[in-house]
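Please look over the structure below before reading on. The report then takes it part by part.

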Amino acid sequence: MTIFKTLGQFIIEKQADFPYAKGELSRLLRDIGIAAKVVNREVNKAGLVDILGDAGQVNVQGEGQKKLDVYADEQFIKALQNGGECCVVASEEHEFPIDIDSEISKNAKYIVCIDPLDGSSNIDVNVSVGTIFSIYRRDSIGGRPTMGDILQKGSKQVAAGYVVYGSSTMLVYTTGKGVNGFTLDPSIGEFCLSHPSIKVPARGTIYSINEGNYRKFSSGVKKYIKYCEEEDAATNRPYTSRYIGSLVADIHRNLLLGGIFIYPATLTHPNGKLRLMYECNPIAFIIEQAGGKATDGRQRILDMEPTALHQRSACFMGSSEMVDKVEQFLRSED
Ligand code: AHM
Ligand code: MG
């Protein structure tokens, strides 16, 4: 019988790698893993129980919330509140950060930014969705954490990860020492190490972009798409176009196979669509830790100075040579 290493065992084993090895970050990651299992259970039942469809509310982004958006948001917040290691949660679903000011969390040092259910427009049609999380350590000492504690650059993340609720459910995370992936074994209810030390190939043959927006792209992005479509045996072109419309699923595929994911600025979304704090930054941290590259077309995403919780950024992420190439086309616009 093959013995798998569980997420819990792996986290404890790696605890000594953390800069502050007191077990707090390990417990926080464990709490996120538990909430992911609860959300996974509900996502899996979708269609059988009354959990599909709209919740009838609109979130801060002006997007209609799905029932599962609301459910996932509640589960992650509850797990972080009960765990005691997190002092504040910033969620896509809430305009303002949620201050966790309780007896058990009074010395908590960690801040979690989360997109509880990413790609939720795909839920009703049984396409993969995900959770994305980003973890910071608070800078200030004493009192309640401030907005400045939350709005840290992506390079200051101490951990980040995503869960993809797909044909199998996986949790992939980094603490700045490489990227590891765990697959949920439903028979034992545990995430088990299945993808150790994930590395994204330096070049791939997949490009992922919503080409329906083609007319709204800049000339550099249009030229890069044309480049992807051209025939060239030396670079294996034409590349394959793959776009699910669930960031986590698109990134997960390109991380494993090699490829580029692009959500550029468009005429209607001049800063792109994806949110810096809980979509771009955590994914950029993972991509870089896997040896890839993540920029907004010019600047490293992890170096961007955040100014607002729900701010957006363009993103070009994945295999390093592919990101270099698209940046060449973008520079030619200048
Ligand atoms: P969400 O967080 O509201 O689900 O939106 C983010 C999603 C990403 O998962 C995905 O990459 C993107 O929106 C797709 O957008 P579009 O439909 O414009 O291509
Ligand atoms: Mg999202």
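Helices (H or I, at least four residues) and strands (E, at least two) are DSSP runs, numbered from the N terminus. This is a predicted model, in which local features need pLDDT of at least 70, side-chain atom pairs count only at pLDDT 80 or more, and totals for chains, interfaces and linings use all residues. Residues are numbered from 1 along each chain as its sequence is written, while chains are lettered from A and ligands numbered from 1 in the order in which they are written.

## Helix 7 and its end

Just after helix 7, Gly-291 takes a positive phi of about 95 degrees. Helix 7 itself spans residues 276-289 and is mostly covered. Of its 14 residues, 14 are buried. A residue is buried if 20 or more other C-beta atoms lie within 10 Å of its own, exposed if 12 or fewer, and partly exposed in between; C-beta atoms are placed from the backbone.

## Helices 2 and 3

Helix 2 covers residues 24-45. Helix 2 and helix 3 pack at an angle of about 150 degrees, and their axes are 9 Å apart. Axes are lines fitted to C-alpha atoms, for helices over the stretch in contact, and angles run from 0 to 180 degrees between N-to-C directions. The angle makes helix 2 roughly antiparallel to helix 3. Angles under 35 degrees count as roughly parallel, over 145 as roughly antiparallel, 65 to 115 as roughly perpendicular and the rest as oblique.

Which residues meet here? Helix 2 brings, among them, Leu-28, Ile-32, Ala-35 and Val-39. Helix 3 brings residues including Leu-68, Ala-72, Phe-76 and Leu-80. The contact divides into 13 nonpolar, two polar and three charged residues. Ala, Val, Leu, Ile, Met, Phe, Trp, Tyr, Cys and Pro count as nonpolar, Asp, Glu, Lys and Arg as charged, and the others, Gly among them, as polar.

## Ile-77

Ile-77 sits in helix 3 (residues 67-83). Is Ile-77 buried or exposed? It counts as buried, because it has 21 C-beta neighbours inside 10 Å. Ile-77 touches Val-89, Ser-91 and Ile-98, not counting residues up to four places away in sequence. Two residues are in contact if their C-beta atoms, placed from the backbone, lie within 7 Å.

## Helices 5 and 8

Helix 5 (residues 219-229) and helix 8 (residues 320-331) have axes that come within 8 Å and cross at roughly 135 degrees. That angle makes helix 5 oblique to helix 8. From helix 5, Gly-220, Lys-223, Tyr-224 and Tyr-227 make the contact. From helix 8, the partners are Val-326, Phe-329 and Leu-330. By class, this contact has five nonpolar, one polar and one charged residues.

Asn-236 lies in the loop between helix 5 and strand 12. Its phi is positive, about 60 degrees, although it is not a glycine. Asn-236 counts as exposed, because it has 11 C-beta neighbours inside 10 Å. Pro-238 is found in the loop between helix 5 and strand 12 (240-241). The peptide bond from Arg-237 to Pro-238 is cis, with omega near 10 degrees.

Ser-197 is in the loop between strand 10 (190-195) and strand 11 (206-208). Ser-197 has a positive phi of about 45 degrees, and it is not a glycine. With 11 C-beta neighbours inside 10 Å, Ser-197 counts as exposed.
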